[in-house]
Amino acid sequence: MSSYIAAIDQGTTSTRFIVFDKSGRIVSLAQEEHEQIYPRAGWVEHDPEEIWRRTEEVIAEAMRLRGFRPKDLAAIGITNQRETTVVWNRKTGKPVCNALVWQDTRVEDLVAEFSRDGGQGRFQGKTGLPLATYFSGLKIRWILNNVPGARELADTGDVIFGNIDSFLVWKLTGGINGGAHVTDVTNASRTQLMNLGTLGWDSEILQAFGIPQQMLPRICSSSEVYGSAQIDSIRGVAIAGILGDQQAALVGQTCFNPGEAKNTYGTGCFLLMNTGDEPVISNSGLLTTVAYKVGPRPAQYALEGSIAIAGALVQWLRDNLGFIEKSADIETLARSVDDNGGVYFVPAFSGLYAPYWKASARGVIAGLTRYANKGHLARAALEATAFQTREVVEAMEKDAKIKLEVMRADGGMVENNLLMQFQSDILNLPVVRPVSRAATTALGSVYVAGLAVGYFEDLHDLRANWAADHTWHPRMNSGKREDLYRMWKRAVTKSFDWTD
């Protein structure tokens, strides 16, 4: 058995290739950013060909750094930004247009159109998802209806769809020369086209959206061999695991029992709770999604609360307003004041996600007085992530009928001690940061890849790799906690119905 295992971690802003040893320790890493394209307000795009070039580059670099050869890797897992929609020509390998990113809101009119008959929850019983700009299905429809020639080529089977995972697997396993056109259940569950009960494409929804089934990938488990790599630096290595990034973090945090939950603090913020082998349809504004599926074993499900803007708000303060030079400086600026000074920042830049699902909401800063300064705004920006997380936790406990006992946290923002303490305070729960927190999503994808090829034995083998680095305990008195949260809820209402 090869000594190492690797992950392609394709995120919203960058692509990484990470090589791990069996204990989950990183032994080699390379990372490259890709361009964020904003053609007009509300539109967010990526160039799929740039993402593929970055993927090839980081693989080659990480292998070169340690002198690794393909035979040193037991398998490769893929974790990816979900819902980001790629449509490409299977004969030429060329995308018909840029990828429509999960944050893109151009299908807002389509959401309203389909919601007129049956409401926003029209397909939720089958898919676990409300009609929203977030998911892939309506993005596919937009491309077919707006890119010249795309629909005709889709009808003949020459133009095909995938989220980023499908596009990368297709490219890695041969592309136009027989590349595997597949996806896993976690990514398929984010298209709003997969039936949670059958784990297959739903013909009724495909017909309603006008999407030909022949353009869709084959749905597989999260842990099986899909094919072998055909690029030189990793030629012959099995591509054996796929997980959408947030499900990958759930697996990386070894949340294998119902009621165990993790929150990933990244560009957005994504809280998932394992609900076991039966889907729980939310009545509280949450998403029902597939958590993972290992080989032929039954799929495991999760409830998810998706927050669109978390770390992206810090980036906005850095890039658009020039408050800080680098993202890590936000904590120092926020610590320059004792509290938020009565300022609340609702970052509904692309509408509100869970638990509201209001596409017409827009960002609001409330409570400004002459007293407020940059430190108060910085603190309000950090607190916004924690407040939004509490809203999701409350909805999740109500739907799952499970009281959360501890929050496992990962992602880039968990290095911010001020935010983590405030998160513990506003939740009145312990918040735990694991030792391996910077690459939790990548770790999840190598876990399922390793299970597929026998590199890891079972889920108990994976639990042995998890260890806590630091735990924050609540310090805030209940009166202050509830006062802050009440004012946050008031501020949120000010963001509603900003656009027509």
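Predicted model: local features only at pLDDT ≥ 70, side-chain atom pairs only at ≥ 80, totals over all residues.
1. Ala 354 has a relative accessibility of 8%, and because buried means under 20%, it counts as buried. You will find Ala 354 in the loop between β19 (344–346) and β20 (364–366). Which residues does Ala 354 touch, leaving aside those up to four places away in sequence? They are Gly 285, Leu 286, Gly 305, Ser 306 and Val 392. With Gly 305, the separation is 49 residues in sequence, while the C-alpha atoms are 5.4 Å apart in space.

2. Next, the aromatic residues, where the count comes to 22 aromatic pairs. Take Trp 43 and Trp 142: their ring centres are 5.5 Å apart and their planes stand at 85 degrees, so this pair is edge-to-face. It links distant parts of the chain, with Trp 43 in the loop between β3 (26–33) and β4 (45–46) and Trp 142 in helix α4 (residues 136–146), 99 residues apart. Trp 43 counts as buried at 16% relative accessibility, and Trp 142 counts as buried at 16% too.

3. Another pair worth a look is Trp 316 with Phe 345. The ring centres are 5.9 Å apart and the planes are at 85 degrees, so Trp 316 and Phe 345 are edge-to-face. Trp 316 belongs to helix α10 (residues 311–319) and Phe 345 to strand β19, 29 residues apart. Is each residue of this pair buried or partly exposed? Trp 316 is partly exposed, with a relative accessible area of 25%, whereas Phe 345 is buried at 3% relative accessibility. Elsewhere, one aromatic cluster is formed by Trp 102, Tyr 134, Phe 135, Phe 270, Tyr 353 and Trp 357.

4. Now to the largest nonpolar core, which has 104 residues. The members that touch the most others are Phe 20, Tyr 134, Tyr 265, Trp 357, Phe 387, Met 420 and Trp 488. Helix α12 (residues 374–400) gives this core its largest share, 13 residues. Leaving aside residues up to four places away in sequence, the contacts of Phe 20 include Tyr 4, Ile 26, Ala 442, Leu 443 and Val 446.

5. Ala 442, Leu 443 and Val 446 are among the buried residues of α14, and 12 of the helix's 14 residues are buried. How far apart are the end C-alpha atoms of α14 (residues 440–453)? They are 20 Å apart, which agrees with the 20 Å that 14 residues should span at 1.5 Å a residue. Just after the helix, Gly 454 has a positive phi of about 80 degrees.

6. For the strands, you can trace an open sheet of 7, in the order β17-β18-β16-β15-β21-β22-β23 and with mixed pairing. Its edge strands, β17 (287–292) and β23 (468–472), each pair on one side only. On average, neighbouring strands here are turned by 30 degrees against each other, direction ignored. Strand β22 (residues 431–434) pairs with β23 in the antiparallel sense over 4 bridges, and the bridge partner of Pro 434 in β23 is Ala 468.

7. Finally, strand β6 (residues 85–89) has 5 of its 5 residues buried. Thr 85, Val 87 and Asn 89 point one way from β6, while Val 86 and Trp 88 point the other way. Strand β6 runs antiparallel to β8 (residues 159–163), and 5 bridges join the two. Thr 85 has Asn 163 as its bridge partner in β8.

Conventions: Residues numbered from 1 in each chain as written. Heavy atoms only, no water. Expected span 1.5 Å × (residues − 1). Buried < 20%, exposed > 50% of the residue type's maximum accessible area, 1.4 Å probe, protein only. Pairing = 2+ DSSP bridges. Axes fitted to C-alpha atoms, helices over the stretch in contact; angles between N-to-C directions. Core = buried A, V, L, I, M, F, W, Y, C linked by side-chain atoms within 4.5 Å. Contact = heavy atoms within 4.5 Å. Phe/Tyr/Trp six-rings, centres within 6.5 Å; stacked < 30°, edge-to-face > 60°.
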